[in-house]
Amino acid sequence: MTAHQLGQLLLALACVITLARLLGAAARRLGQPPVIGEILAGVLVGPTLFGTALSDHLFPVDIRTALAGLANVGLVLFMFIVGYELDFDAVKGRRKAAVSISVGSVLLPLGLGVLLALWLARHHPVQDVAPFALFIGAAMSVTAFPVLARILTDRGMLRTEVGGLALASGAVDDVVAWTLLAGVVALGAGGGDVPWQTLLAVPYALVMFLVVRPQLRRLVQARTRAGRLTPGILAVMLVGLLLSCWCTEAIGVHAIFGAFVFGAVMPRVGGEQLRHETMERLEQVSVLLLLPVFFVIAGLRVDLSTLDRRGLLDLALILVVAITGKFAGAYLAARLNRIPPRRAGALASLMNTRGLTEIVILTVGVQLGILDDTLFSMMVVMALVTTVMAGPLLSVIYPRSLVERDVAELERAALGAPDAYRVLVVVPAGAAARPMVDLATAVAVRHDPAEVVLSRIVPYPAARVEIGAGLSGDLLAMTAAMQDLADLAEPVRRQGLSVAVFARFSTDPAADILAQAATTCSDVIVVAADQDGLAALRADPGADLATVAAAPPADWDTVLVRALGDDGDAALRIGAGIAATRGASLVVDTGSLPTRQDLAAIRSLGGAVLAGSGAVSSAALVVGTAEAPDAHLVVRAAAVPAMAPA
């Protein structure tokens with residue numbers, strides 16, 4: 001490469017990165033996956049709008065070989081991530097439905113795609129109809145698992161039944177579709193005959209799953225010892241990845257299948273942190289540079305300016321077959337599994353996404369000479385249309401109100417006795433969690449039946465990993481939250497109380513806490529003073545709200561209730577319950593001379609009246625209202641529903 005060519009290459013890479021980031025950000029603002037904008041960036045610099053003038057100037061022919069090499073490395077890394085993000089655990093408990101939905105969403109578009117290919121072969125330069133027909137059918141049957149997972153995450157559907165089933169079906173679909181494509185690619189590379197080397201795919205797969213997979217578990221141990229993903233660990237992963245790609249290329253199957261299989265055999269159990277850190281490292285190179293280069297190389301082949309009336313008819317048929325085949329196949333399979341119509345429609349919409357995964361497959365078809373540039377261009381349009389329509393279509397079929405209903409049903413199903421006295425604890429991270437749970441337990445334990453609900457409101461990551469599904473950080477945060485809640489729940493269960501634990505991502509903590517309180521029919525909500533959305537909670541709590549304003553004394557032996565203002569009765573109820581549970585003395589400050597009724601009520605609770613509003617022992621837990629500045633636990637009574645006018 002000459003100095004001039006090197007300069008052109010560096011300038012081209014700068015243009016690629018800029019275009020990809022700008023259009024990716026624009027797509028995100030429009031509620032679309034960033035990959036849509038990045039693919040369009042490649043199409044815009046191609047011949048569709050400006051002919052070859054712009055593309056030849058920005059990406060001269062003599063540097064396209066270097067760009068193509070970078071693009072292929074990007075493909076390998078992307079397919080490794082697709083395999084690594086396969087969630088085999090999602091299939092557990094849903095195997096029958098997931099397999100049938102994925103098979104239905106593969107077989108129907110596959111069959112329709114084969115029939116369509118027979119039509120397309122009549123007026124396109126097709127050398128061998130059999131590989132061409134199978135390739136078109138396989139390309140129609142693919143689901144973009146990363147796009148599917150991102151849609152579920154953005155809409156808060158991961159924990160719902162629809163979300164879990166979609167993830168499981170998408171994982172099975174990926175395995176089925178990529179296995180099918182591997183066979184089609186081998187057939188296409190052999191000119192219609194299966195080369196003998198392709199038979200080595202069976203021992204290759206056995207070695208990867210039975211020999212390599214157990215050895216890769218050592219990477220988790222190495223990462224645990226080091227406390228981070230070291231360059232040495234990452235180097236071992238990359239060497240293994242490249243060797244796996246070389247093997248599949250040598251046996252007549254494309255290198256991307258070796259990358260996919262190597263990702264699939266990476267360790268899952270105990271390897272969540274390793275996976276997240278690997279995604280973060282690969283994001284720096286793959287998302288910023290290599291994949292945008294791939295989009296440009298693919299976009300340079302897209303030329304829609306030459307489409308005539310027959311071409312537009314072919315494009316319409318491709319869109320009809322792709323959309324209806326995938327949707328109808330998934331929907332019918334879901335209905336056969338007695339999934340309600342709306343949920344079946346949501347599953348079908350999600351399975352209809354194709355995204356970058358489809359572009360990868362089409363590129364392989366071009367490299368093998370199965371597709372010409374015209375068909376490639378039309379199939380790219382199909383990939384863009386099916387991906388863009390997935391989110392809006394899902395919003396129509398399964399709006400957010402139904403998602404919230406599903407989350408509420410899931411949480412209700414996890415509760416104990418339906419008529420239990422419940423205390424909902426919004427548990428923060430850190431050392432403040434244990435005292436809050438102890439206080440909530442003391443409030444609940446005197447009731448029978450009683451239940452403590454431990455909830456962690458997890459804020460969405462400020463910046464998700466952009467590569468692949470972007471789930472690694474979310475899953476890591478959710479796993480850590482659930483483990484923390486499980487540890488906090490054990491001491492509560494030992495006191496004979498039922499415990500339910502929930503964790504959810506949130507963009508509006510106050511609304512989600514109130515919704516959770518309503519779902520669980522909680523009598524008391526316990527929150528920290530620094531809880532996001534606390535002002536909104538205090539304005540209209542759906543239950544008695546107890547805010548931990550300060551850490552309780554270490555060895556308190558007295559409960560002082562400052563029953564001041566309109567919330568005094570609620571403070572007295574909670575304070576008296578805590579005192580009775582701990583066997584502590586109960587002292588009540590009413591803020592004024594108590595009436596006979598006040599005295600009788602306080603004495604019935606075993607309490608004494610504090611003369612004046614003076615201070616008490618430093619070993620006292622102070623439960624009060626907003627008017628009590630020294631309260632450790634500030635109580636706000638549940639809002640009383642307004643009476644309807646007569």
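This is a predicted model: local features need pLDDT of at least 70, side-chain atom pairs count only at pLDDT 80 or more; totals for chains, interfaces and linings use all residues.
The chain has 646 residues, of which 54% count as buried. Its secondary structure comes to 24 helices and ten strands. Contacts between residues at least 6 apart in sequence were also examined, and 78% of them join residues at least 24 apart.

Two packed helices are described by the angle between their axes and the distance between the axes. Helix 1 contributes Leu 19, Ala 20, Leu 23, Gly 24, Ala 27 and Arg 28 to the contact. From helix 2 come Pro 34, Ile 36, Gly 37, Glu 38, Leu 40, Ala 41 and Leu 44. By class, the residues of this contact are nine nonpolar, two polar and two charged.

Helix 11 and helix 12 form another pair. Helix 11 spans residues 231-250, and helix 12 spans residues 255-264. The angle between them is about 135°, and their axes lie 7 Å apart. This angle makes helix 11 oblique to helix 12. Helix 11 crosses helix 12 in a right-handed sense. On the helix 11 side, the contact is made by Met 237, Gly 240, Leu 241, Ser 244, Cys 245, Thr 248 and Glu 249. On the helix 12 side are Ala 255, Phe 257, Gly 258, Ala 259 and Phe 262. Seven of the contact residues are nonpolar, four are polar and one is charged.

An angle over 145 degrees counts as roughly antiparallel. The crossing of helix 6 and helix 14 is right-handed. The contact of helix 6 with helix 14 has 15 nonpolar, six polar and three charged residues.

The largest nonpolar core has 136 residues. Phe 80 and Phe 132 have the most contacts inside this core. Helix 9, residues 161-189, supplies the largest share of the core, with 14 residues. Another core, of 50 residues, lies apart from the largest one. Among its members are Ala 433, Val 443, Leu 488 and Leu 621.

Glu 358 is found in helix 16, residues 355-367. Its relative accessible area is 0%. Buried means under 20% relative accessible area, so Glu 358 is buried. Beyond residues up to four places away in sequence, Glu 358 touches Ala 139, Val 142, Met 379, Met 382 and Ala 383. Of these contacts, Ala 383 is 25 residues from Glu 358 in sequence. The C-alpha atoms of Glu 358 and Ala 383 are 6.2 Å apart in space.

Several loops carry local backbone features. The peptide bond from Asp 448 to Pro 449 is cis, with omega near -5°. Pro 449 is found in the loop between helix 19, residues 433-444, and strand 2, residues 450-459. Arg 338 is a residue other than glycine with a positive phi, near 60°. Arg 338 lies in the loop between helix 14 and helix 15, the latter spanning residues 341-351. The relative accessibility of Arg 338 is 79%, and Arg 338 therefore counts as exposed. Cys 521 is not a glycine either, yet its phi is positive, at about 55°. Cys 521 lies in the loop between helix 21, residues 509-520, and strand 4, residues 524-528.

Definitions and conventions
Residues are numbered from 1 along each chain as its sequence is written. Side-chain values use heavy atoms; hydrogens and water are left out. Axes are lines fitted to C-alpha atoms, for helices over the stretch in contact, and angles run from 0 to 180 degrees between N-to-C directions. Helices (H or I, at least four residues) and strands (E, at least two) are DSSP runs, numbered from the N terminus. Angles under 35 degrees count as roughly parallel, over 145 as roughly antiparallel, 65 to 115 as roughly perpendicular and the rest as oblique. A crossing is left-handed if the near helix is turned anticlockwise from the far one by less than a right angle, and right-handed if clockwise. Contact means heavy atoms within 4.5 Å. Ala, Val, Leu, Ile, Met, Phe, Trp, Tyr, Cys and Pro count as nonpolar, Asp, Glu, Lys and Arg as charged, and the others, Gly among them, as polar. A nonpolar core is a set of buried Ala, Val, Leu, Ile, Met, Phe, Trp, Tyr and Cys residues joined through side-chain atoms within 4.5 Å. Buried means under 20% relative accessible area, exposed over 50%, partly exposed in between (1.4 Å probe, protein chains only).
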